[in-house]
Amino acid sequence: MLCGVKANFETVGLDSRGRFDNCFSSFTSRVPSLIDWAQHEGMRPSRYVNARKVDYVNASHSARFAGKSTGVVTTTRVTHGTPAALYAHSASRYWEDDGKVPPGARHACKDIARQFVEDEPGKHINVMLGGGRRHWLPKVARDPESTSEEGRRLDGRNLIDDWIRDKKRRGLRGHYVWNKGQFDAINPKYVDHLLDEGSRRDDVITVFDDGLFAYSHMDFEADRDKSEVGDPSLAEMTRKAIQILSKNPHGFFLFVEGGRIDHAHHYNNAYRALEETLALEAALEAALPLLDPDKTLIVFTADHSHVLTLGGIATRRGNPILGVDAKLSDVDGMPYTTLLYGNGPGFGRENLTGVDTTVKNAVQQSGVPRQWATHGGEDVPVYARGPGSSLFRGSLDQTFLPHAIAYAACIGEHKDRCKKKLPTVQPPPNGQQPSLLPLATGGRGFSREPSVCAEPSTSSNTVRTAAVGASIMADDSRRSHAKGSTVRAEVRVLMAVSLVTVFVHSKVGRGV
Ligand SMILES: [Zn+2]
């Protein structure tokens, strides 16, 4: 979903040649991610000149910095499976620090945290906010918050210090924060001030704000310490990330993950799962006022579902969603929770008469006993808004998403698309959907000629590319007529992932 290829279970940043737990298989199976593509965005220098007449190409240190700013915001550890796939290549998602890499593979395969600090694209990521300090600190180091805990690294390295040192060595300004007070003190406007003074013209794309707010995952929103010594919310992190990233006139790619919705669902604890979902919704609501809808593609989706279902018969409006069905079971005469899980904790026909199932630690009932509930297998929704959003409709394969984003944002294999004048193409008649089904089936059945927007490609994504081109043409031509311009050159991308999608767009957490 982040690299555009199918992969084997529990590997990150590898294609299907990468085998789980097999270090050597990762050497030949590495694939770039959306963040690689965004950082490598190639545009003509003349188009980099912004309103202040500052040529950001000449001001930057390398071609990579001519690209978009990039950021990752998550409530999980920043080395956790999903965010890791944006910057790391690992035969195991569990190799978050070197202690987890098998001894025989430690020389050949870097752990995920080390890849973030030392390798591309990790070391060029502008904003990284989340949890997971334990993978960055050596075993002898005490955690600053959880003082009874120590780091997990066996190589004795403090990667946070290394990260700061690397930024200094390269003449960049890195900020490391680990609680809400420090986080709040980071003022994105301060960066503007420096820019106006012309003191460092590339400050705009070299401001790093790295937050590791927790020893492991960040607290659930329902448990979060909102004080100065606590942690920022997902919405606060998202807002700050956008304020920092949007300084770059070339645009940005920001990945926002409400990563702990998943964890609460594994506990069959709907209270926290719904609170986490609302926190992700709040992050999106916080982001919207900061984003230009004509320039920002927002893609909102999940990478899987859970075995959660919403039951009840003749349940009255306003019945608490965390409570029990308005009617008793017509078999045993006992109440049952309105939200039910297919498996997991909560199995057994406990009599809930008089039990308050709306409290924070309540566990919803389940159909099959398991210590932890599993994921679900059904399709999940994907919502999109902004340039290129017409690509996200119908039934899609998850590997299609990054290619469509790349097309809309002119990055990756579509990076040269923005250099071309748009041909005049008539938009499809009202109501007619672009041809996207071939994408969902890996290109089978695609019969139209590739559009002129489609790049000649030697990759296996040729057909995919062509289909993307065909469908986005109408969108482009509409915009080019309306604005009298060529293709969008500075598309921003906000990709929000929920890890589970139930109720993403409704506020049912406190009653329907
Ligand atoms: Zn999970």
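**Figure 1. Helix 8, residues 234-245, in the predicted model.** In this predicted model, nine of the twelve residues of helix 8 are buried, so the helix is largely enclosed by the rest of the structure. The buried residues are Leu 234, Ala 235, Met 237, Thr 238, Lys 240, Ala 241, Ile 242, Ile 244 and Leu 245. From its first C-alpha to its last, helix 8 reaches 16 Å, close to the 16 Å expected at 1.5 Å a residue.

Figure 2. Strand 5, residues 252-257, is mostly covered, with six of its six residues buried. In a regular strand, side chains alternate between the two faces of the sheet. Here Phe 252, Leu 254 and Val 256 point one way from strand 5, while Phe 253, Phe 255 and Glu 257 point the other way, and all are buried. Strand 1 (residues 69-77) runs parallel to strand 5 and is joined to it by six bridges. Within this pairing, Thr 74 stands opposite Glu 257 of strand 5.

**Figure 3. Strand 6 and its antiparallel partner, strand 11.** Strand 6 is largely enclosed by the rest of the structure, because six of its six residues are buried. Both of its faces are covered: Thr 296, Ile 298 and Phe 300 lie on one side, Leu 297, Val 299 and Thr 301 on the other, and all are buried. Four bridges pair strand 6 with strand 11 (residues 382-385) in the antiparallel sense. Phe 300 stands opposite Tyr 383 of strand 11.

**Figure 4. Positions listed as "binding site" in the UniProt record.** An unreviewed UniProt entry lists Asp 262, His 266, Asp 303, His 304 and His 375 under this heading. His 304 is placed in the loop between strand 6 (296-301) and strand 7 (305-306). Because His 304 has 17 C-beta neighbours inside 10 Å, it counts as partly exposed. His 375 belongs to strand 10, residues 375-376. With 14 C-beta neighbours inside 10 Å, His 375 also counts as partly exposed. Leaving aside residues up to four places away in sequence, His 375 touches His 304, Ser 305 and His 306.

**Figure 5. The surroundings of Asp 97.** Asp 97 is located in the loop between helix 3 (81-84) and helix 4 (112-118). It has 26 C-beta neighbours inside 10 Å and therefore counts as buried. Not counting residues up to four places away in sequence, Asp 97 touches Asp 111, Ala 113, His 135, Arg 152 and Arg 153. Asp 97 and Lys 110 are 13 residues apart in sequence, and their C-alpha atoms are 8.4 Å apart in space.

Figure 6. Most residues other than glycine have a negative phi, and most peptide bonds are trans. The bond joining Glu 120 and Pro 121 is a cis peptide bond, with omega about 0°. Pro 121 is found in the loop between helix 4 and strand 2 (127-131). Asn 268, although not a glycine, has a positive phi of about 55°. It sits in the loop between helix 9 (261-266) and helix 10 (270-287). Asn 268 has 28 other C-beta atoms within 10 Å and is therefore buried. Cys 410, which is not a glycine, has a positive phi of about 55°. Its place is in the loop between helix 11 (400-409) and helix 12 (437-440). Cys 410 is buried, with 25 other C-beta atoms within 10 Å.

Figure 7. The protein contains 13 helices and twelve strands. Of its 512 residues, 49% count as buried. Among contacts with a separation of 6 or more, 70% are between residues 24 or more positions apart. The average pLDDT is 78, and 73% of the residues score at least 70. Over residues 42-65 the pLDDT is below 50, and this stretch has 35 contacts in the model beyond near neighbours in sequence. Where pLDDT is low, the predicted coordinates should not be read in detail.

Methods: Residues are numbered from 1 along each chain as its sequence is written. This is a predicted model: local features need pLDDT of at least 70, side-chain atom pairs count only at pLDDT 80 or more; totals for chains, interfaces and linings use all residues. Helices (H or I, at least four residues) and strands (E, at least two) are DSSP runs, numbered from the N terminus. A residue is buried if 20 or more other C-beta atoms lie within 10 Å of its own, exposed if 12 or fewer, and partly exposed in between; C-beta atoms are placed from the backbone. Two residues are in contact if their C-beta atoms, placed from the backbone, lie within 7 Å. UniProt positions are given in the numbering used here, feature names are shortened, and annotations may be inferred rather than shown by experiment. pLDDT is the predictor's confidence in each residue, from 0 to 100. The expected span of a helix is 1.5 Å times one less than its number of residues. Two strands pair if DSSP finds at least two bridges between them.
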